[in-house]
Amino acid sequence: MYARGPRFRLSANSGNYAAAAHLVAWYKLNDDDSVITDYSATRRSGRFYSNGDIANPSIVDLTASLNNPVSATPAAVAPLADLDFDGQDDVVEIADHNDFSVPSTGQMTISAWIKPSALTFDRVDGTGYVHWMSKGNAGEHEWAFRMYSAENSEDRENRISFYLFNPDGGLGAGSYVQEDVRVGEWIHIVAKIDGERIYIYKNGVLKDSDTYRGAPYAINPQNRAAAVRIGGNERTSFEGAIGDVAIFYPALTNDELTAIYQGGRGFTFNRNVGSYNGATDLVAWYQLHGGQAITDLSGHEHDGILRT
């Protein structure tokens, strides 16, 4: 640990370090708000208390704390609220990295929970859809999750889909699920790419699979420089909550995806348990709580920014 320096990744075994499974708390103390993130699997995050600005922390009277430990205990930390996107201009941006591009390994898995607070969206693109998570700009298109508004011109009421694109955009190759969606209901969505096909899962069940190599789509994904965006892009905005976003290389197994869904909201992605062995393949993980920094809990430090 000492030899690797202050940026050592405590949550993953490497070299002579084999203590990751015994890690019960890990605080980098580089948070820029009041939430102090625990990067270990136990997720015992705390809060920063100050008499003023965060740059001027208050001095704790240790003598008083020893004499009266009960009064020195801070108030219980309230549960963190979900990060709700307002359907207008809220978006999380995460800088480009090879970890977010399919060509890096030819395979990828993206897992997320979404909870729409509306079924008809104000800011839509094309025939009436929003990009609730995507990586792409003009000339740099890679992949995108869509949800169609209840009102659209293709009779795709609240269809949820995932597409891969060639860099110039245009027609993409995708898989989808089109079932009843209810306002305020959490839905688990997974997109998996295995080098030949796209798969989409809803609530742990495979719903569709399509080829993207060769005819009829001839998609050849390229590694380009666009940021990952969650909640919308420059033209569209999702209205509702998105949480527990996790990205993996390579494609996870069906058993692992079932374990993630059955683990529910708050699943601990950086610890292997039962049939889930994806911790070593995890390249990014965002809980996405309101009022909290957009912190990558995987240890890869792909932190993001919330723009409103």
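## A first look around this predicted model

The structure holds one cavity of 30 Å³ or more. Here a cavity is a set of points, on a 1 Å grid over the protein atoms alone, where a 1.4 Å probe fits but cannot get out, while a pocket is an open set with protein on both sides within 12 Å along at least five of seven lines; lining residues have an atom within 4 Å of a point. Grid points are joined across faces, edges and corners, and a volume is the space filled by probe spheres set on the points.

A word on the ground rules: this is a predicted model, where local features need pLDDT of at least 70, side-chain atom pairs count only at pLDDT 80 or more, and totals for chains, interfaces and linings use all residues. Residues are numbered from 1 along each chain as its sequence is written, and side-chain values use heavy atoms, with hydrogens and water left out.

**The whole chain**

The protein chain comes to three helices and 16 strands; these are DSSP runs numbered from the N terminus, helices being H or I with at least four residues and strands E with at least two. Of its 308 residues, 46% are buried, where buried means under 20% relative accessible area, exposed over 50% and partly exposed in between (1.4 Å probe, protein chains only).

**The cavity and a pocket**

Back to the largest cavity: its volume is about 50 Å³. Its lining is made up of Thr-37, Tyr-286, Gln-287, Leu-288, Gln-292, Ala-293, Ile-294, Thr-295 and Leu-297. By class that gives five nonpolar, four polar and no charged residues. For this count, Ala, Val, Leu, Ile, Met, Phe, Trp, Tyr, Cys and Pro are nonpolar, Asp, Glu, Lys and Arg are charged, and the others, Gly among them, are polar.

Of the 21 residues lining the second largest pocket, Arg-156, Tyr-163, Leu-171, Gly-172 and Gly-174 are the closest to its centre. Strands β7, β8, β9 (173-177) and β12 (205-211) each give at least two residues to this lining, with β9 supplying the largest share, four residues. The lining of this pocket splits into eight nonpolar, seven polar and six charged residues.

**Two enclosed strands**

Strand β7 (residues 143-148) is largely enclosed by the rest of the structure, because six of its six residues are buried. Trp-143, Phe-145 and Met-147 point one way from β7, while Ala-144, Arg-146 and Tyr-148 point the other way. Strand β14 (residues 239-248) has nine of its 10 residues buried, so β14 is also largely enclosed by the rest of the structure.

Two strands count as paired if DSSP finds at least two bridges between them.

| Strand pair | Bridges |
|---|---|
| β6 (residues 129-135) and β7 | six bridges |
| β7 and β8 (residues 160-164) | five bridges |
| β3 (residues 84-86) and β14 | three bridges |
| β5 (residues 108-116) and β14 | seven bridges |
| β14 and β15 (residues 282-286) | four bridges |

Some residues are handy landmarks here. Met-147 in β7 is the bridge partner of Val-130, and Met-147 is also partnered with Ile-160 in β8. Over in β14, Gly-240 stands opposite Phe-85 and opposite Pro-116. Phe-248 faces Leu-282 in β15.

Asp-155 is exposed, with a relative accessible area of 67%, whereas Asn-158 is buried, at 3%.

There are cis peptide bonds to spot as well. One runs from Ala-215 to Pro-216, with omega near 5 degrees, and Pro-216 lies in the loop between β12 and β13. Another joins Tyr-249 and Pro-250, with omega about -5 degrees; Pro-250 lies in the loop between β14 and α3 (254-263).

**Arg-229**

Arg-229 sits in strand β13 (residues 228-230) and counts as buried because its relative accessibility is 13%. Leaving out residues up to four places away in sequence, Arg-229 touches several others, including Val-91, Glu-93, Trp-132 and Glu-234; contact means heavy atoms within 4.5 Å.
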